[in-house]
2 protein chains.
Amino acid sequence: MYTPFESIYTSLRHRICLLDYPPGTVLRESQLASEFGVSRTPIRAVLQKLSYDGLINSQDGVGNIVTEPGDEEIFDIYQMRIKLAEWIGYARPRELTDQDHDIAIALRQRAEILTQKFEISEYWMINHDQHLLISSVIGNSAMRQMWDQLYYRAARMWYQHIRDNPSGAADSLLAETTEVCRAIYEKNSIALGHVQSNYISYGLKNLGGAGPRDAVSE
Amino acid sequence: MYTPFESIYTSLRHRICLLDYPPGTVLRESQLASEFGVSRTPIRAVLQKLSYDGLINSQDGVGNIVTEPGDEEIFDIYQMRIKLAEWIGYARPRELTDQDHDIAIALRQRAEILTQKFEISEYWMINHDQHLLISSVIGNSAMRQMWDQLYYRAARMWYQHIRDNPSGAADSLLAETTEVCRAIYEKNSIALGHVQSNYISYGLKNLGGAGPRDAVSE
DNA sequence: TTATACCAAGCTGTATACACCATATCAATT
DNA sequence: AATTGATATGGTGTATACAGCTTGGTATAA
């Protein structure tokens, strides 16, 4: 948010995740450069990072195309997120504090309001803030890095699904935030990870995928 | 290996992993540009990717400094590798073939020769080829990506340790390749992952770390 | 009418000149 | 002598001009 790079990178990632740039959109470097008031050079740096993140695909002579995740890829990413979530409590978690609980309570309140008047943007922001909270709990830096990366790769699909099927989304989110509150109140980071894993799993089910072939059975 | 980018990227990563560029080394863009016969621009792209990989650290006005992993980071990376390896067999593995077995047999033979005449470079190449083989088994693309990334982040530490303590390294590698051979012969990718997990765990122990504080106990 | 070959326009990839930043050196002052 | 300040030097970050690739359109010939 502070350096120009971070600011532009966050903006573009936000647009891709919220489908302002739906899959297939062609991003032109010169256009983005003029929009953000910089030259093509820093824009290219941002696009390269987005490319490493798997969010766009740069093709010489054509443009930077927002990727369209296939069914297999969606399944793979969700499977990884489910597994990683199970490990959150074992990845050198920092101690959960009363302040964490306050934040979680606030998120639950926002989710409760959402059940009365649903707004997709607010739904997203609650999800996002909860992700930031939980991510901050992970002490293992390698783990946290992967956790964040997969979150942003999965966000589009989830957002699209909720946008098309908003019924029940607020109730589910309220239930999730409630469970998160409890786990944090109990200062039990292992439980916190399990809650995450469960709700990601529910999400995968709702997305309609039990996997490309046979589901993973451990 | 084909595009100039891939070629330069692989070269520099190789040099960092094999400690040709030990931690603290300052990489100058113009110097690398003249060495590879290109301008600073593609060099910068490579360095940015290496920065995302956590192998270097770009500082404005100073240079691109090869990172020095701290004890905590080493432990985190190893813990993740141990956990991910356990999971290889469940990450949509492709079917193991007789050709895989032939490759594994060849690796074991090279390891056997290594026990008679140890050479650190050959040790590294066997390890690397084995990594490529096992990585190719992972069908879950998100998982494979993380697996590769952590491998290159951990390689330096392991290489340094073996270089300083070569005794027993060849025997251990021979044992590992033997177990890999067996798992592949049995076409059991779950076992293959467990073998990997075990030997990574042995490696962490040898590196001298049971963790920064208390070890993870699941 | 259809197919093919060429061409033009626009994009990304590259090279290079310039601006800004960090640091080491050296002189001036206390 | 020690310290502080300016300054020169060499680095990365940025802007821009150019080269190479892709693609859509068009003209021409079968």
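## Salt bridges

A salt bridge is counted here when a side-chain nitrogen of Lys or Arg lies within 4 Å of a carboxyl oxygen of Asp or Glu. By that criterion A:Glu29, A:Arg40 and A:Arg44 are joined in a network of salt bridges, and the structure holds 26 salt bridges over all chains.

This is a predicted model, in which local features need pLDDT of at least 70 and side-chain atom pairs count only at pLDDT 80 or more, while totals for chains, interfaces and linings use all residues. Residues are numbered from 1 along each chain as its sequence is written, chains are lettered from A and ligands numbered from 1 in the order in which they are written, and side-chain values use heavy atoms, with hydrogens and water left out.

## Two chains and their relation

The same surface serves both copies, since 100% of the contact residues of chain B recur in chain A, where contact means heavy atoms within 4.5 Å.

## Helix α4 of chain A

Helices (H or I, at least four residues) and strands (E, at least two) are DSSP runs, numbered from the N terminus. Helix α4 of chain A, residues 71–87, has 17 residues and reaches 25 Å from its first C-alpha to its last, close to the 24 Å expected, a span taken as 1.5 Å times one less than the number of residues. Of its 17 residues, 13 are buried, so that α4(A) is mostly covered; buried means under 20% relative accessible area, exposed over 50%, and partly exposed in between, with a 1.4 Å probe and protein chains only.

Within this helix, the side chains of A:Lys83 and A:Glu86 meet in a salt bridge at 3.3 Å, N to O, and the two residues are 3 apart, about one turn of the helix. An α-helix has 3.6 residues a turn, so residues three or four places apart point the same way. A:Lys83 counts as buried at 12% relative accessibility, whereas A:Glu86 is partly exposed at 26%.

## A bridge between helices α5 and α6

In chain A, the side chains of A:Arg110 and A:Asp129 meet in a salt bridge at 2.9 Å, N to O. Because A:Arg110 lies in helix α5 (residues 98–116) and A:Asp129 in helix α6 (residues 120–137), the pair ties together parts that are 19 residues apart in sequence. A:Arg110 counts as partly exposed at 24% relative accessibility, and A:Asp129 counts as partly exposed at 28%.

In chain B, B:Arg110 forms a salt bridge with B:Asp129, with the closest N and O atoms 2.9 Å apart.

## The surface near DNA strand C

Around DNA strand C there are 19 residues, the closest being A:Arg40, A:Arg44, A:Asn64, B:Ser39 and B:Thr41, where a residue is near a strand if one of its heavy atoms lies within 4 Å of it. Sugar and phosphate account for 62% of the atoms of DNA strand C that come within 4 Å of the protein. α3(B) gives the most to this surface, with 3 residues.

At A:Asp60, an N or O atom of the side chain is 3.5 Å from a base oxygen of DNA strand C.

How values were computed
Polar contact = N/O pair within 3.5 Å; in protein donor to acceptor, adjacent residues only side chain to side chain.
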